[in-house]
Amino acid sequence: SLDVASAVSIQELVQLVKTEYDQKIDLLINNAGILVQKAWDKETYDSTLAVNTAAPVLLSRALLPLLAPGALIINVSSGLGKLENLSSDYAQAVTAISSLDALQQPAAAVPFNADSSMGSAPPAAGGMSPTYSVAKALLNRAVQLMAADDGFKQRGVSVVAVCPGWCRTDMGGSTADRSGAEGAASVLAPWLKTDSSSNGGFSRDGAALEW
């Protein structure tokens, strides 16, 4: 099994794909994620960013040579990662990131700040899980940078972020307002060509979202 937080595990997957399959990858969906509700501490922050931000960047870059020309990378993000749901200090830090290398170690690029108002944000503005909101905002930034990266562009690989909405899954819980099928349809919209967002875009249910 793949441990997305482990660079060794990611390289083992790359070797497996190389040796076991003779075709290129047309579609990569980065879906792994963790959410710890209401926690605002360094341990939760670091582990959440490792899985929700660094892992999609590391996996996408590692698999890039195995992607087919014109392949698509879909990154499952969240509306909680919109910049409007971050405190001003974190919103500024996220938008200032200009390197994919930095996002391979996001907790170092955007360090935890125990005194930030992010830790006391109301639920509707990222307070349900402030670490999750920061991690998904950084993932959205990573999507923008991958879409603009020469290595991805030279292979014709498109990179997008999607929001599945609040779904009735193990993470979302039984009171969520959308089914898992509805969330999956939103995730797959770019692949099924029902999504109006362009390379580097962010969407839900095929409609473009603001960052």
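This report walks through the fold, the sheet, the surface and the charged pairs of the chain shown above.

The model is predicted, so local features are described at pLDDT of at least 70 and side-chain atom pairs count only at pLDDT 80 or more, while totals for chains, interfaces and linings use all residues. Residues are numbered from 1 along each chain as its sequence is written, and side-chain values use heavy atoms, with hydrogens and water left out.

## The overall fold

Let us start with the whole chain. It holds 7 helices and 5 strands, where helices (H or I, at least four residues) and strands (E, at least two) are DSSP runs numbered from the N terminus. Along the sequence these elements follow the pattern α-β-α-β-α-α-α-α-β-α-β-β.

Of the 211 residues of the chain, 47% count as buried; here buried means under 20% relative accessible area, exposed over 50%, and partly exposed in between, with a 1.4 Å probe and protein chains only. The accessible surface of the chain is about 10,100 Å², and carbon and sulfur atoms contribute 52% of that area. Accessible areas come from the Shrake-Rupley method with a 1.4 Å probe, and for residues only the protein chains shown count as cover. Among contacts (heavy atoms within 4.5 Å) with a separation of 6 or more, 74% are between residues 24 or more positions apart.

## The sheet, strand by strand

The 5 strands form an open sheet in the order S1-S2-S3-S4-S5, with mixed pairing. Strands S1 (25-30) and S5 (207-208) stand at the edges with a single partner strand each, so one side of each has no neighbour in the sheet. Two strands are taken to pair if DSSP finds at least two bridges between them. As background, strands of a sheet pair through backbone hydrogen bonds, either parallel or antiparallel.

On one side, S3 runs parallel to strand S2 (residues 67-76) and is joined to S2 by 5 bridges; valine 76 has valine 162 in S3 as its bridge partner. S3 also runs parallel to strand S4 (residues 202-204), through 2 bridges, and here valine 162 stands opposite serine 203 in S4. From S4 the sheet continues to S5 in the antiparallel sense, again over 2 bridges, with arginine 204 opposite alanine 207 in S5.

Helix H2 (residues 42-63) lies across S1 and S2 and runs at about 170° to S1. Such axes are lines fitted to C-alpha atoms, for helices over the stretch in contact, and angles run from 0 to 180 degrees between N-to-C directions.

## Charged pairs

Side chains of opposite charge can pair when their charged atoms come close. A salt bridge is a side-chain nitrogen of Lys or Arg within 4 Å of a carboxyl oxygen of Asp or Glu, and by this rule the count comes to 4. The table lists some of them.

| Aspartate 101 | Arginine 61 | 2.8 Å |

In the salt bridge between aspartate 101 and arginine 61, the pair links distant parts of the chain: aspartate 101 is in the loop between helix H3 (88-96) and helix H4 (106-109), and arginine 61 is in helix H2, 40 residues apart. Arginine 61 is partly exposed, at 28% relative accessible area.

Aspartate 150 and lysine 153 are 3 residues apart in helix H6 (residues 150-154), so about one helical turn separates them. Aspartate 150 is partly exposed at 47% relative accessibility, as is lysine 153 at 49%.

## Loops and surface

Aspartate 205 returns here for its backbone. This residue sits in the loop between S4 and S5 and has a positive phi of about 55° although it is not a glycine. Lysine 38, also not a glycine, has a positive phi of about 65°; lysine 38 lies in the loop between S1 and H2 and is exposed at 63% relative accessible area.

Finally, Ile29, Leu188, Trp191 and Leu192 make a nonpolar surface patch of about 330 Å². Patches are made of residues with over 30% relative accessible area and no salt bridge, with like charges joined within 9 Å and nonpolar side chains (Val, Leu, Ile, Met, Phe, Trp, Tyr) within 5 Å. Isoleucine 29 belongs to strand S1 and is partly exposed, at 32% relative accessible area.
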